[in-house]
Amino acid sequence: IIEMLLVRLPCRVSSSLLLHSRFSRQLSSEAPSSQNDEFRPSKATEIRTRYAPSPTGNMHLGGLRTALYNYLHAKQNQGKFLLRVEDTDQKRLVPGVIDHLSHVLDWAGIPYDEGPGKEGAVGPYIQSQRLPIYQKYVYQLVQSGHAYPCFCSEKRLQDLKETQAKKGFSPMYDRLCSNITPQDSIKKIEQAKHGITIFLFYCLIFAHIV
C-alpha cells in the first residue's frame with residue numbers, strides 16, 4: 001500500500017510515509033503480547049473508527065494519513081473502518097468529490113467497511129442526509145425548554161457582531177429569541193424559509209439546521 005504512495009507522491013514526504021509503512025508492517029506481523037492484553041478492548045466491544053472528510057476539494061496527504069491510522073487501528077482490533085462525509089458546508093461543496101474520496105481510499109488500499117455506497121446499520125453516512133434525525137431531536141430539545149431557535153436574519157447577526165467588535169467585546173449572541181415560547185418556536189421553525197441556529201441553554205454548543 002504505502003510503497004505505491006512513495007512512488008506517486010513527492011519525495012519530501014517519503015520519509016514520513018516510510019515510517020508509516022514500517023509501522024503498518026509491524027502491526028500486521030507482530031502477535032499481541034500478553035503484557036498488553038489488559039489494555040485491549042473486550043471481544044464483545046466492536047471497534048469502529050471513521051474518516052470524516054469535508055467534500056470541498058480533493059484528498060490531501062494529511063487526510064490520507066488520518067484515514068490510514070484509523071484503518072490500521074480498526075483492523076488490528078478486528079473492527080470496522082467507516083467513511084462519513086461532512087457536507088454541512090453546502091456553499092463550498094464540490095461535485096464529484098465523494099466519488100473521488102472513495103476512489104483514492106480504494107487505490108491506497110484503505111477500503112472502508114461502511115459509508116456512501118456501502119450502507120450499514122447506522123447510515124446514512126452523508127451528514128446532509130441525516131437532517132431528519134437531527135430535526136427530531138431539535139424538536140424535543142425546543143419543546144422541553146432545553147434549547148431555543150434563533151430566527152434572526154444574517155444581516156442582524158452580522159450587525160450585532162460588528163457593533164460588539166467596535167465596543168471591544170467578543171462576538172456573542174444577545175439571546176433575543178430566547179423569550180419566544182416553545183410552542184411559538186415550533187410554529188416558526190415549521191414556517192421558516194432560511195436556516196435556523198439552535199442554541200442549547202447553559203452551554204456553548206449550537207447546531208445550524210437548514
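Q: Buried means under 20% relative accessible area, exposed means over 50%, and partly exposed lies in between (1.4 Å probe, protein chains only). Which residues of H7 are buried?

A: Ser185, Ile186 and Ile189 are the buried residues of H7. They cover an arc of only 100 degrees around the axis, so they sit on the same side of H7. The arc is taken over the directions from the helix axis to the C-beta atoms. On the other side of H7, Gln183, Lys187 and Gln191 are exposed.

Q: What kind of model is this, and how are residues numbered?

A: This is a predicted model: local features need pLDDT of at least 70, side-chain atom pairs count only at pLDDT 80 or more, and totals for chains, interfaces and linings use all residues. Residues are numbered from 1 along each chain as its sequence is written, and side-chain values use heavy atoms, with hydrogens and water left out.

Q: How many helices and strands does the protein chain have?

A: Elements are DSSP runs numbered from the N terminus: helices are H or I with at least four residues, strands are E with at least two. The protein chain has seven helices and five strands. Along the sequence the pattern reads α-α-β-α-β-α-α-β-α-α-β-β. Buried residues are 30% of the 210 residues in the protein chain.

Q: What share of the contacts with a separation of 6 or more joins residues 24 or more positions apart?

A: A contact means heavy atoms within 4.5 Å. Among contacts in the protein chain with a separation of 6 or more, 67% join residues 24 or more positions apart.

Q: In which sense do E1 and E2 pair?

A: Two strands pair if DSSP finds at least two bridges between them. Strand E1 (residues 48–51) pairs with E2 in the parallel sense, over four bridges. Thr49 stands opposite Phe81 in E2.

Q: What do E1, H3 and E2 make?

A: Point the strands away from the viewer; a crossover is right-handed if the path from the first strand over the helix to the second runs clockwise. E1, H3 and E2 make a right-handed β-α-β unit.

Q: How many residues are in the largest nonpolar core?

A: A nonpolar core is a set of buried Ala, Val, Leu, Ile, Met, Phe, Trp, Tyr and Cys residues joined through side-chain atoms within 4.5 Å. The largest one here has 19 residues. Those with the most contacts inside it are Tyr51, Met59, Leu64, Phe81, Leu83, Leu105 and Ile110. Helix H3 (61–76), strand E2 (80–83) and helix H4 (97–107) each give two or more residues to this core. The largest share, six residues, comes from H3. Apart from this core lies another, of 14 residues, among them Val138, Ala147, Tyr173 and Cys177.

Q: How many disulfides does the structure hold?

A: A disulfide needs a pair of cysteine sulfur atoms within 2.5 Å. The structure holds zero. Take Cys150: its closest cysteine sulfur, in Cys152, is 3.7 Å away, too far for a bond. Cys150 counts as buried, at 3% relative accessibility. Cys152 is buried too, with a relative accessible area of 10%.

Q: Which backbone angles deserve a check?

A: Most residues other than glycine have a negative phi, and most peptide bonds are trans. Gln78 has phi near 55 degrees, a positive value. Gln78 lies in the loop between H3 and E2 and counts as exposed, at 67% relative accessibility. Arg175 also has a positive phi, of about 60 degrees. Arg175 is in the loop between helix H6 (154–166) and helix H7 (182–191), and is partly exposed at 42% relative accessibility. The peptide bond from Gly123 to Pro124 is cis, with omega near 0 degrees. Pro124 is in the loop between H4 and helix H5 (131–143).
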